[in-house]
Amino acid sequence: EREADAHEIAGGISLGAAAASKDKQAMRKRRITHVLICHPSIKEEHPQKFVYGRAPLLDDPCANLLELLPSALAFLGEARASKGHVFV
């Protein structure tokens with residue numbers, strides 16, 4: 001089975017679909033330590049293995065992304081300060 005797609009978009013930050021976060025081996029191979037879930041209800045797949053953050057963004061063109069940015073950026077900053085790698 002092909003590993004779910006995720007792509008490093010910046011140093012220590014990878015972007016991918018929720019399906020990619022389910023593959024614990026692939027996440028470890030990418031050296032992921034933190035996961036930022038950008039959805040209000042998608043479950044944390046491996047809470048014992050990764051540090052999770054959440055930006056509860058609705059799949060709606062009128063959703064207010066700006067109000068979620070401060071906490072999402074703080075999570076990313078904390079992860080990178082600890083030399084972590086984040087999957088978004």
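Where is the place of A63? In this predicted model, A63 is found in the loop between β4 and α3. Not counting residues up to four places away in sequence, A63 is in contact with L57 and L58. The relative accessibility of A63 is 25%, and this residue therefore counts as partly exposed, since that class lies between the limits of 20% for buried and 50% for exposed residues.

The loop between β4 (51-54) and α3 (69-81) also holds L65. With a relative accessibility of 45%, L65 is likewise classed as partly exposed. Together with L66, L69 and L73, L65 forms a nonpolar patch on the surface. The accessible area of these four leucines together is about 380 Å².

The strands were examined next. An open sheet is built from 5 strands, arranged in the order β1-β2-β5-β3-β4, with mixed pairing. Because β1 (6-10) and β4 each have a single partner strand, they stand at the edges, and one side of each is left without a neighbour in the sheet. Helix α3 packs on this sheet, where it touches β2, β3 (34-37), β4 and β5. The direction of α3 makes about 170 degrees with that of β3.

In general, the strands of a sheet pair through backbone hydrogen bonds, in either a parallel or an antiparallel manner. Strand β2 (residues 13-16) and strand β5 (residues 86-87) run parallel and are joined by 2 bridges. Within this pair, I13 stands opposite V86 in β5.

Terms used. Residues numbered from 1 in each chain as written. Predicted model: local features only at pLDDT ≥ 70, side-chain atom pairs only at ≥ 80, totals over all residues. Heavy atoms only, no water. Patch = residues over 30% accessible without salt bridge, like charges linked within 9 Å, V, L, I, M, F, W, Y side chains within 5 Å. Areas by Shrake-Rupley, 256 points an atom, 1.4 Å probe, with all protein chains shown as cover. Salt bridge = Lys/Arg side-chain N within 4 Å of Asp/Glu carboxyl O. Helix = DSSP H or I, 4+ residues; strand = E, 2+ residues; numbered from the N terminus. Buried < 20%, exposed > 50% of the residue type's maximum accessible area, 1.4 Å probe, protein only. Contact = heavy atoms within 4.5 Å. Pairing = 2+ DSSP bridges. Axes fitted to C-alpha atoms, helices over the stretch in contact; angles between N-to-C directions.
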